[in-house]
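Me: Got a model here that I'd like to go through with you. Can we start with the ligand and then do the fold?
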Amino acid sequence: MRAVAVFPGKCEVGLIGHETPEITAANQVKIRSLEVGVCGTDREICTFVYGSPPDGFDYLVLGHESLGQVVEVGSGVSRFKPGDLVVPSVRRPCPHAYCLACREDKQDFCYTGDFTERGIKMTHGFMTEFYVDEQKYLNGVPSELRDVAVLVEPLTVAEKGLAQVWRVQKRLPWVDPKTPAGHLGAGKNAVVLGAGPVGILGAMVLIVNGFKTYVYSRSKAPNPKSELVESVGAKYISCEVENPDQLAERVGNIDLVYEAVGTAKISYAVLRVLGLNGIYIFTGIPAPKPPMDLEADTIMRNLVLKNQVVVGTVNADREAFEGAIHDLGIFLKRWPTALRSLITGRYKIDQYRDLLLGKATGIKNVIVLT
Ligand code: BGC
Ligand code: ZN
């Protein structure tokens, strides 16, 4: 079958013939790939600074944002049947008995670094026609979400981020006890950095949870992304028009920052204006760059005097996938046009080269495999 693969040793990316996987254990499910999202991580792997093939291979099949359809199930599979739509998670646990996180199905918090990630680290991904996985790593998707469910994986970034926010902020009286469940961000100000898919999906989650939400991004408004975020009720601000101090003045106390821009300079500039008792969530994975100047004393002083917390978050657990599937259903009812317009292009697998190596365009581009 066809697959898009990267050969790090040869610094090549290509469309290859890859052996079709078959079910070899009772708990496995065979899945036909329907759609695979392309993201910054895939593009970075194609610059050969990140990503690694499985043992015994000189290539890695790419793709970690998948929507698939079950075609066959092993004899021990109870949760799925042929025809079901599924989204797989990305990370698989490390083998070590002493890794408390992996032993409790929390491989997103793996201690050893010996986890694998499908399409990223030592396990083939989903940019191919069929794949096999254990049922415990699959999440069922209702058929109404068929045309947007490829957004589940990038949405899990925000779901896990927000789950961290609720836990960390339990350290103080952050949420008024009278606030209705499901609206815990009411009265709070959130700033999203970046207007890519992770940022826009993050803004949607924050709005649904009641936060007054601002998106701070580079391009001047109006532009397609600013129009999209304003259509769902966020305020778009260009960092070319307002600097971080002006942003803070406009927002008031910045209670939450959700970083989805992936570069340090603007991210730390906004950390400097985080508010009292504020929480700052980093999700971006920047490529290494030379050192830069930073207002480090001011940031440190604020962290202490303002009781601030900075949290890094990577990957996602089952709860985050289930939350993403649930929230995508809410977004689809509330903003059908805006949500669908996040997917700016659907392409055939032969067009992988432009998508992975060409200039980044649009918001979320998707490879359709059927
Ligand atoms: C993926 C995560 C993964 C991370 C680091 C992201 O693009 O969405 O699942 O853990 O890259 O490899
Ligand atoms: Zn991704």
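Me: How far is the polar side-chain atom of H64 from an oxygen atom of ligand 1?
Reply: The distance is 3.4 Å in this predicted model.

Me: And which distance goes with the side chain of E153?
Reply: An N or O atom in the E153 side chain sits 2.7 Å from an oxygen atom of ligand 1. For the side chain of N315, the corresponding distance to a ligand 1 oxygen is 2.9 Å.

Me: How much of ligand 1 does the protein bury?
Reply: The protein buries 91% of the 310 Å² that ligand 1 exposes when taken alone.

Me: Which residues are around ligand 1?
Reply: T41, Y50, H64, V90, R91, E117, I120, E153, I285, V314 and N315.

Me: How does that shell divide by residue type?
Reply: Five nonpolar, three polar and three charged.

Me: OK, switching to the fold. How many helices and strands?
Reply: The chain has 11 helices and 19 strands. Its radius of gyration is 21 Å, close to the 21 Å from the globule rule for 370 residues, so the chain is as compact as a globular protein of that length.

Me: What box do the C-alpha atoms fill?
Reply: Roughly 55 × 45 × 45 Å along the principal axes.

Me: What share of the residues is buried?
Reply: 53% of the 370 residues count as buried. The accessible surface of the chain is about 16800 Å², and carbon and sulfur atoms account for 54% of that.

Me: Last one, what about contacts across the sequence?
Reply: Taking contacts between residues at least 6 apart in sequence, 69% join residues at least 24 apart.

Technical notes. Residues numbered from 1 in each chain as written. Chains lettered and ligands numbered in written order. Predicted model: local features only at pLDDT ≥ 70, side-chain atom pairs only at ≥ 80, totals over all residues. Heavy atoms only, no water. Near = heavy atom within 4 Å. Polar contact = N/O pair within 3.5 Å; in protein donor to acceptor, adjacent residues only side chain to side chain. Areas by Shrake-Rupley, 256 points an atom, 1.4 Å probe, with all protein chains shown as cover. Nonpolar A, V, L, I, M, F, W, Y, C, P; charged D, E, K, R; others polar. Helix = DSSP H or I, 4+ residues; strand = E, 2+ residues; numbered from the N terminus. Rg over C-alpha atoms; globule rule 2.2 N^0.38 Å. Buried < 20%, exposed > 50% of the residue type's maximum accessible area, 1.4 Å probe, protein only. Contact = heavy atoms within 4.5 Å.
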